[in-house]
Amino acid sequence: MTDLRPGASANAQLAARDLAHVWHPCTQMKDHEQNLPLIPIRRGEGVWLEDFEGKRYLDAISSWWVNLFGHANPRLNAALHAQVDQLEHVIFAGFTHEPAIELAEALTAIAPPGLTRCFFADNGSAAVEVAVKMSFHYWRNAGRPAKKRFLTLANSYHGETLGALAVGNVELYKDVYAPLLMDVLVAPSPDAWQREAGESWEDCAVRLFAPMRDLLAQHAHELAAVIVEPLVQCAAGMRMYHPVYLKLLRAACDEYEVLLIADEIAVGFGRTGTLFACEQAGIAPDLLCLSKGLTGGYLPLSVVLTGERLYEAFYDEYTRLCAFLHSHSYTGNPLACAVARETLRMFADTPVIANNRVLAAHMAAAAAPLAGHRHVAEVRQTGMILAIEMVRDKATRTPYDWRERRGLAVYRHALTRGVLLRPIGNVIYFMPPYVITPEHIALLGQVAAEAIEVATCV
Ligand SMILES: *Cc1c(COP(=O)(O)O)cnc(C)c1O
């Protein structure tokens, strides 16, 4: 148990005060009573986090996938300071401000073609709620109210609020709340992990598109939209698939008149090797959800981009009551928009995507030796996301029982070595800030190798 006595360490004292009143996200709080100490962080700089005793941790997971350019980034700090002295917040109905206007201009300039309108919200789940409500409402306004259902992929994740949870498909988060959730259609995931012996990622994606096409054909009359995470299903354990699936999906959505929602909340802003994952398939969705990296990992902000066709379906005399009357108190917060605008300037001013290609090659090299480990079934990568799948039996790809919490053993060991890895079940992954260096990447490879050995030796 953590220690509140005056002689206890600074970390232990803060952890004890925390545990007296704070309830943490995605956490069984009892874990923290025994041998999993909560770590209070005093400061961050670049890829490093530092606790109250001066111990440093390399943030290999970008603090839950949000950070792009390091902690306490000087440019983002300056943008935030400048904005806070000017205007911290203003109601976004009836009023507007430069950070939001400039951010919308910048986003529509870099987004896939046809996405000309920005609806802001304040976190990823809220963006998914907006996309779900907007696509449903679109068909209603278009005189086709029967189109009100959603189609999602197995193992998809779209957030935690009830609408977002309903269109997601990760059992661990969803099952308990099933009685509260709307009913959605589920197609198999094109996840390349399921490929057959000798099958390529591309062939696997094409094969697994067939049931998606069938569902679209069968349910077109009642479908409002399909929602997907382009290229990587992150929360499912960094499951990856070939871009051809998105190309086929775009064509089928057009054919069957179903809207396509791309949730790039985790994969947007360079994570997959292109600015947006959809670019690799050469497609544009009807609605694009962005958050996480949008503010470089500084402040909660999200946006749903869409085009003129949807926008115009809501545009009419007030008394026709067809407007999109959705709002959040902090919609378009100027501080968040100012930092997001600066984040986009960093993509414009510096060769981020090209530099990431070099870093991604270093990540591949650092993890390559792990592929030979007797308990590693696969090392897979899409751009700046690299995942290592630990299994009990390599030949049959039999997973470890989740109750054994092998990933937790990896997490613990990595912490002792000053690295923050936070496996998803038995999947260890690197998803670092883009300011990571080749030396740091080599350290990640070493620590992951050690941690896997520790976690699988018994
Ligand atoms: C994180 C995430 C969300 C939810 O975003 P929050 O800001 O955590 O609500 C939605 N979709 C995807 C793909 C995500 O990774």
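Contact here means heavy atoms within 4.5 Å, and helices (H or I, at least four residues) and strands (E, at least two) are DSSP runs numbered from the N terminus. This is a predicted model, in which local features need pLDDT of at least 70 and side-chain atom pairs count only at pLDDT 80 or more, while totals for chains, interfaces and linings use all residues. Residues are numbered from 1 along each chain as its sequence is written, and side-chain values use heavy atoms, with hydrogens and water left out.

**Helix H13**

- Eight of the eleven residues of helix H13 (residues 406-416) are buried, so the helix is largely enclosed by the rest of the structure; buried means under 20% relative accessible area, exposed over 50% and partly exposed in between (1.4 Å probe, protein chains only).
- The buried residues of H13, among them Leu408, Val410, Tyr411 and Leu415, pack against strands S3 (56-59), S14 (385-390), S15 (419-420) and S16 (427-430) and against helix H14 (438-456).
- After H13 comes Gly418, which has a positive phi near 75 degrees.

**Helix H4**

- In H4, the buried residues are Pro99, Ala100, Leu103, Ala104 and Leu107.
- These residues cover an arc of only 125 degrees around the axis, which puts them on the same side of H4; the arc is that of the directions from the helix axis to the C-beta atoms.
- The buried residues of H4 pack against helices H3 (74-84) and H11 (334-349) and against strands S4 (117-121), S11 (287-290) and S12 (302-306), whereas the face turned away from the buried side carries the exposed residues Glu98, Glu105 and Ala109.

**Ligand site**

- One oxygen atom of the ligand is 2.8 Å from a polar backbone atom of Gly124, and an oxygen atom of the ligand is 2.6 Å from an N or O atom in the side chain of Ser125.
- A polar side-chain atom of Asp263 lies 2.6 Å from a nitrogen atom of the ligand.
- Taken alone the ligand exposes 380 Å², of which the protein buries 83%, with accessible areas from the Shrake-Rupley method and a 1.4 Å probe; for residues, only the protein chains shown count as cover.

**Arg149**

- Arg149, found in strand S5 (residues 149-153), is buried, with a relative accessible area of 18%.
- The side chain of Arg149 makes a polar contact with the side chain of Asp183 at 3.0 Å; a polar contact is a pair of N or O atoms within 3.5 Å, and within protein one must be able to donate a hydrogen and the other to accept it, while residues adjacent in sequence count only if both atoms are side-chain atoms.
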